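Here are a few notes to go with your first look. Have the structure open and click along as you read.

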Amino acid sequence: MTDEAKSSASQASEPQAVPAVSVVGPDDGERIVLGTTRMRVLEDGSHTGHRLGVTESVLAPYTPGPPQHRHAEHDEGFYIVSGTVRFTVGDKNHDATAGTFVTVPPGAPHTFANVTDRPAVMLSVFTPDLYVQYFRDLQSMTADGRPLTPEEGMHVMSRYATEPAADFG
């Protein structure tokens with residue numbers, strides 16, 4: 001057996017490290033505040049090889065959403081935990097109530113908002129995880145209390161393979 005083969009055989013018999021399980025309790029998780037939306041990062045991708053990101057968002061009553069946009073490099077999923085979230089997809093509105101799951105594949109125009117007088121809670125899933133950092137960037141840019149201009153918002157989106165869905169304004 002060659003030295004290289006002996007080394008490979010030795011490595012194959014060594015125990016493999018077990019991946020760490022992440023548990024985020026109800027009072028845990030990184031907090032991100034974006035206007036009237038309060039987010040809690042449940043998985044930022046650091047435990048999943050950046051394949052998956054998950055956030056919980058509480059949208060205050062009458063919280064407007066982002067401009068309608070498209071992602072080129074990640075899927076999004078939204079599970080409505082409580083309240084109602086209006087998803088606008090192209091020129092069609094969908095009022096998603098508790099128990100509804102919305103899947104947005106790359107390229108699909110979309111936005112969401114809470115148009116009701118009650119808070120709404122939703123769980124958002126991103127695969128891969130790259131959009132979690134987008135929310136961190138937005139929070140940093142608004143930390144001084146100054147709202148983002150539409151141009152600044154679009155510039156940040158563009159860093160995460162996202163563009164406005166100009167055809168649906």
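The points below take a few residues in turn.

1. Before anything else, keep in mind that this is a predicted model. Every value here is computed from it.

2. Start with Glu43, which sits in strand β2 (residues 37-43). Glu43 is buried, yet has no salt bridge. Which side chain of opposite charge is nearest? That would be Arg136, 8.3 Å away.

3. What does the side chain of Glu43 reach instead? One backbone nitrogen is that of Gly45, at 2.7 Å. Another is the backbone nitrogen of Ser46, at 3.1 Å. Setting aside neighbours within four places in sequence, Glu43 is also in contact with Ser22, Thr48, Leu52, Gly53, Val54 and Val132.

4. Next, find Gln68, in the loop between β3 (53-59) and β4 (69-71). Is Gln68 buried or exposed? Its relative accessible area is 7%, so Gln68 counts as buried. A polar atom of the Gln68 side chain lies 2.6 Å from the backbone nitrogen of Gly90.

5. Tyr79, Val81 and Phe101 make a nonpolar patch of about 290 Å². Tyr79 belongs to strand β5 (residues 75-82). With a relative accessible area of 34%, Tyr79 is partly exposed; patch residues need over 30%, so Tyr79 clears that cut-off.

Key:
Residues are numbered from 1 along each chain as its sequence is written. This is a predicted model: local features need pLDDT of at least 70, side-chain atom pairs count only at pLDDT 80 or more; totals for chains, interfaces and linings use all residues. Side-chain values use heavy atoms; hydrogens and water are left out. Helices (H or I, at least four residues) and strands (E, at least two) are DSSP runs, numbered from the N terminus. Buried means under 20% relative accessible area, exposed over 50%, partly exposed in between (1.4 Å probe, protein chains only). Lys and Arg count as positive and Asp and Glu as negative; His and the chain ends are not counted. A salt bridge is a side-chain nitrogen of Lys or Arg within 4 Å of a carboxyl oxygen of Asp or Glu. A polar contact is a pair of N or O atoms within 3.5 Å; within protein, one must be able to donate a hydrogen and the other to accept it, and residues adjacent in sequence count only if both atoms are side-chain atoms. Contact means heavy atoms within 4.5 Å. Patches are made of residues with over 30% relative accessible area and no salt bridge: like charges are joined within 9 Å, nonpolar side chains (Val, Leu, Ile, Met, Phe, Trp, Tyr) within 5 Å. Accessible areas come from the Shrake-Rupley method with a 1.4 Å probe; for residues, only the protein chains shown count as cover.
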